[in-house]
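I opened the model to see how its parts are arranged. My notes follow in the order in which I looked things up.

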Amino acid sequence: MERSGRLLLLSELRIRNTAYDVSLTRSVLTWKRRTSSPVYHPFRPSVHHSVSVSEIISVREEDEENISRRRDDGSWKKIKESEGKDCRQAFTVLYVERCRQHRWRCAEVTFTCPEGALRQHWVSSIREQLAAVANRPKHLLIYINPYGGKRQGKRIYEQKVAPLFAAAGVSTDVIVTEYANHARDHLRTEAELKKYDGVVCVGGDGMFSEIIHGLIWRTQIDGGVDPNCPDETLLTCSLRIGIIPAGSTDCICFATVGTNDPVTSALHIIVGDSQPMDVCSVHHNNAFLRYSVSLLGYGFYGDVLTDSERKRWMGPARYDLSGLKMFLTHHYYEGTVSYLPARGIIGTPRDAARCRSGCAVCQHNGQLLTERSEKYEMDETSDSESDGEWRTIRGKFLAINAASMSCACPRSPKGLSPAAHLADGTTDLILVRKCSRFDFLRHLLRHTSKDDQFDLTFVEVHRVRRFRFTPRHCQSDSDLELDLLGNASKRQIFSQICRDHPACGCAPAYSCWNCDGEILTHTAIDVRVHCQLIKLFARGIEEPAVFEDLANPCAI
Ligand SMILES: Nc1ncnc2c1ncn2[C@@H]1O[C@H](COP(=O)(O)OP(=O)(O)OP(=O)(O)O)[C@@H](O)[C@H]1O
Ligand SMILES: CCCCCCCCCCCCC/C=C/[C@@H](O)[C@H](CO)NC(=O)CCCCC
Ligand SMILES: [Ca+2]
């Protein structure tokens, strides 16, 4: 078998009048400047470039029509024939270039090669290697939410993303949504999914949520699995999902790519990246409510969301205003949390290590949980709860948060649970007990600094596979202490009245759940993590390469 390092082509070609040795193997395209003098010049620009074939976007043969030159402001101008002499009889390679803070851009290099047969050979050889790269999508189904975030979804797609897909030869069917849940319902019932290699959403976390609800539901129905049953092992979705960020928080994009940049996301889609991701199913009394991949938050984040929905017209700033208001309101809520600790897996929520590209924790735990569920399927007497013991905590909480991933976003670059994993089959259950406003502010501020937000006496965090929550007013009479029974019932009725009359100043008895930015209709819920149920066109956040900033011109 041919080794990936074997040389396929080696020629002397010119880049802007300078001679280069250009070589191609199955895995790398390299161009090195030919030096006449062996003397080392420390201040000369880089003379050696390598691009992995897997990160080449496309190759095109230049003709006089598309010879153009980049202006200083980044736009392109057509250049005169005399000026373009060097670019005629040339071919151009478009490739991924890494910039600062996990951003990618599409760079290009034009090689002049006057000899027609050789030029053809170069172009066809590069195309052959690209065709051999596995998992690149060829046909995509795109949904654009024109009303997400700052209402820029359509413009972002048309100006920044569509030209890249066209250059890469990716064909698309585009649907601009006309109402909420349009994309979800289209995926559930109408979309001809067999035609596509992936689904892309242009919008925020809410739009992504629509896509996964449509895809997961459709996969279960097509595969004969009942999505309503909380104990069913769900079928994994085969189509990958791409996110072009155009929302308000865009935390799923940020936590899986490392930045909220439409061009970077488009390039991850084109090169065919794949990142598995956990999904939580949320049930109430054995009836399915919703799926969640990022935050399930009761108390503070539920109240912020409820308040912010009334301020949608403000765009992304609504969360800051509602966040401040809910911080000042300082409501706490009583209830019972029960959970199944994640056992036998590696990793804890207090680890210093982070989930990064090719994460070993996700790989290890993913494999372990798959083996376990296969074992359970063979053994009919066992159920999904047999691998651990339920633990119960009662109390008064300012916030109950389950973070199935870090939930990193521009507001908090390390996220709600910095050591959470994208695909380890667990969620981090964070309980913030009743405390002073000052202490709660300390906890919140630590989301934006290096300090540990869990290292506080009133905060606890558990890595779990499943949890349940029952608010106090929903608990059965036997659960309430007898001496408080009368007061509790009165308070329950009173708090219902106070919800409608907030002027009386009485704190409400219950909050609501923020499920990836959507409000849940029930407060008593049963949550189960489904390990690696979906896949994204992403690769997780990459560790920056050593000296990356020095070597890379667009990083400076
Ligand atoms: N055509 C449409 N008209 C009205 N609402 C829509 C339409 N298409 C989608 N939606 C809904 O808009 C809501 C918000 O969209 P999206 O998630 O894109 O932006 P966002 O809420 O600003 O961002 P984020 O979720 O990141 O905070 C989603 O819940 C989605 O269901
Ligand atoms: C006083 C200074 C305090 C600073 C505190 C910063 C803490 C920020 C933590 C951010 C956590 C984001 C979790 C992501 C949740 C998303 O699924 C959801 C949908 O987009 N967004 C929100 O609910 C929007 C939630 C917005 C919360 C502010
Ligand atoms: Ca997880």
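I began with the shell around ligand 2, which draws at least three residues from each of domain 2 (137–273) and domain 3 (279–374 + 388–475 + 506–530). The domain bounds come from an automatic or database domain assignment. I note that this is a predicted model, where local features need pLDDT of at least 70, side-chain atom pairs count only at pLDDT 80 or more, and totals for chains, interfaces and linings use all residues. Residues are numbered from 1 along each chain as its sequence is written, while chains are lettered from A and ligands numbered from 1 in the order in which they are written.

Entry on the ligand. I listed 23 residues around ligand 2, and Asp205, Thr249, Gly323, Ser412 and Gly517 come nearest. A residue counts as near if its C-beta atom, placed from the backbone, lies within 6 Å of the molecule. Helix H7 (300–309), helix H8 (318–329) and helix H10 (437–445) each give two or more residues to this shell. H7 has the largest share, three residues. Helices here are DSSP runs (H or I, at least four residues), numbered from the N terminus. By class I found eleven nonpolar, nine polar and three charged residues in the shell. Asp, Glu, Lys and Arg count as charged, Ala, Val, Leu, Ile, Met, Phe, Trp, Tyr, Cys and Pro as nonpolar, and the others, Gly among them, as polar.

Entry on the domains. The C-alpha centres of domain 2 and domain 3 lie 24 Å apart. I found 22 residues of domain 2 in contact (C-beta atoms, placed from the backbone, within 7 Å) with 27 residues of domain 3. On the domain 2 side, H4 gives the most, with six residues.

Conventions:
Two residues are in contact if their C-beta atoms, placed from the backbone, lie within 7 Å.
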